[in-house]
Amino acid sequence: MLISEIFYSVQGEGTLVGVPSVFVRTSGCNLRCGWCDTPYASWKPEGTEMSVEAILDAVEACPTRFVVVTGGEPMVAKEMPHLLAKLREGGKHITIETAGTIAPEGVACDLASISPKLAHSTPDEALAGKAWVEKHERLRLQPEVLRAWCSTYDFQLKFVVATEADVEEVRRVVESMGVPVPPEKILLMPEGIKPEVLRLRQAWLVEVCKQTGWRYTPRLHIDLFGNQRGT
């Protein structure tokens, strides 16, 4: 499969924030988020073709059992079920970072880190083209797929939030799934790739979390390393 990068760092987002983890970033995505912070794995997919065996060797070279499979959208990779099965055989804790647009179909997974895309993710037509805008809008929210992920695995729903108006949309998305979601599994993360932007947004996001019982998640890797690849 096409691999953008494999690196060892600490988890920067979600319920496992701070845990040393090896990240396997596939290249390729079925969406085109306007604010995407990994365009090299989505808008312009680049990387190296690697066999499942070569990926496993790279993972085993890192001193952790925690593996984060991310992208792009890792679930579009045809060999992904095979890779996940092999990681499970190796005793790894598997987090899958997904937009929740492709059904899991029984893949090995310990934590489904699902990031449903809100309306502000839709790209500018001048940059993405009409066809991608239409595809993005058609695919970005699929309640039945989200329900399948949340009904099968331990999960977190991680929403990228830019303005206070996004909060009501988060509520609507969660309600549309039709399954009980504990409030602490709804994570709000500020949109941004600069520490000063994140700080501006985190103040009111924390207040929203205090009012709703939802969980605030930082972008620790931005604070630690800045917006750099391999971190």
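1. Leu 2 sits opposite Glu 49 in strand 3. Strands here are DSSP runs (E, at least two residues) and helices are too (H or I, at least four), numbered from the N terminus.

2. A word on the source: this is a predicted model, where local features need pLDDT of at least 70, side-chain atom pairs count only at pLDDT 80 or more, and totals for chains, interfaces and linings use all residues. Residues are numbered from 1 along each chain as its sequence is written, and side-chain values use heavy atoms, leaving out hydrogens and water.

3. Now the whole sheet: it is open, with nine strands in the order 3-1-2-4-5-6-7-8-9 and mixed pairing. Strand 3 (48–49) and strand 9 (215–216) are the edges, each with a single partner strand, so one side of each has no neighbour in the sheet.

4. Next, two helices. The axes (lines fitted to C-alpha atoms over the stretch in contact, with angles from 0 to 180 degrees between N-to-C directions) of helix 5 (residues 143–152) and helix 6 (residues 166–177) come within 8 Å and cross at roughly 70 degrees. That makes helix 5 roughly perpendicular to helix 6 (65 to 115 degrees).

5. Finally, Trp 149 touches (heavy atoms within 4.5 Å) Met 75, Ile 96 and Pro 104, among others, not counting residues up to four places away in sequence.

Conventions:
Angles under 35 degrees count as roughly parallel, over 145 as roughly antiparallel, 65 to 115 as roughly perpendicular and the rest as oblique. Two strands pair if DSSP finds at least two bridges between them.
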